[in-house]
Amino acid sequence: MPKVTFLPMNQCFEAREGESILDVAINNDVPLMHACGGFCACTTCHVKVKSGLPGLSVIEDEEQERLERADGMTSESRLGCQARVHGDVTVEIVNQD
Ligand code: FES
C-alpha cells in the first residue's frame with residue numbers, strides 16, 4: 001500500500017491505491033481543510049508535494065485552473081481532494097487552522 005506523510009506534523013499513513021490525499025487525511029483525523037467538500041471548488045485543501053510527485057495522479061485542467069487562484073501556489077502545489085495516491089508521497093499542508 002502507498003504511504004502518505006503529512007507535514008508539518010510528520011504523520012504517515014497507508015493509503016488505498018487511488019485514494020485522494022484528502023480521503024487519507026479525513027480517515028486518519030489529519031486536519032486538512034476541505035471547505036467545498038472535495039469538489040475542486042475551493043483551495044483550502046492546498047498541499048505542497050515535498051517528495052514522491054510521480055506517485056500522484058496527473059494534474060487535470062480543472063485542478064490546475066483552481067490551483068492558480070490559491071495563495072502561495074508553486075510548482076509543488078496540488079489540491080488534496082484531486083490528487084490520487086499511487087505511490088509513497090510526502091505533502092505539506094498549506095492551510096492550517
Ligand atoms: S476541498 Fe475544495 S478544492 Fe479540495
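## Terms and model

Two strands are taken to pair if DSSP finds at least two bridges between them, and helices (H or I, at least four residues) and strands (E, at least two) are DSSP runs numbered from the N terminus. By these criteria, strand E1 (residues 3-7) and E2 are joined by four bridges and run antiparallel.

This is a predicted model, in which local features need pLDDT of at least 70 and side-chain atom pairs count only at pLDDT 80 or more, while totals for chains, interfaces and linings use all residues. Residues are numbered from 1 along each chain as its sequence is written.

## Overall architecture

The protein has two helices and five strands, and from the N terminus on its elements follow the order β-β-α-β-α-β-β. The C-alpha trace spans about 30 × 30 × 20 Å along its principal axes.

Among contacts (C-beta atoms, placed from the backbone, within 7 Å) with a separation of 6 or more, 68% come from residues 24 or more positions apart.

## The sheet

The five strands form an open sheet in the order E2-E1-E5-E3-E4, with mixed pairing. Strand E2 (11-14) and strand E4 (77-79) stand at the edges with a single partner strand each, so one side of each has no neighbour in the sheet. From one strand to the next the twist averages 35 degrees, the axes being lines fitted to C-alpha atoms and the angles running from 0 to 180 degrees between N-to-C directions.

Strand E3 (residues 46-51) pairs with strand E5 (residues 89-93) in the antiparallel sense over four bridges, and Ser51 has Thr90 in E5 as its bridge partner.

## The E1-E2 hairpin and Cys12

The hairpin of E1 and E2 has three residues between the strands, and Asn10 there takes a positive phi near 60 degrees. Cys12 lies in strand E2 and stands opposite Thr5.

Cys12 is exposed, because 12 other C-beta atoms lie within 10 Å. Leaving aside residues up to four places away in sequence, Cys12 touches Lys3 and Thr5. Cys12 and Val89, 77 residues apart in sequence, are 9.5 Å apart in space, C-alpha to C-alpha.

Definitions and conventions:
Two residues are in contact if their C-beta atoms, placed from the backbone, lie within 7 Å. A residue is buried if 20 or more other C-beta atoms lie within 10 Å of its own, exposed if 12 or fewer, and partly exposed in between; C-beta atoms are placed from the backbone.
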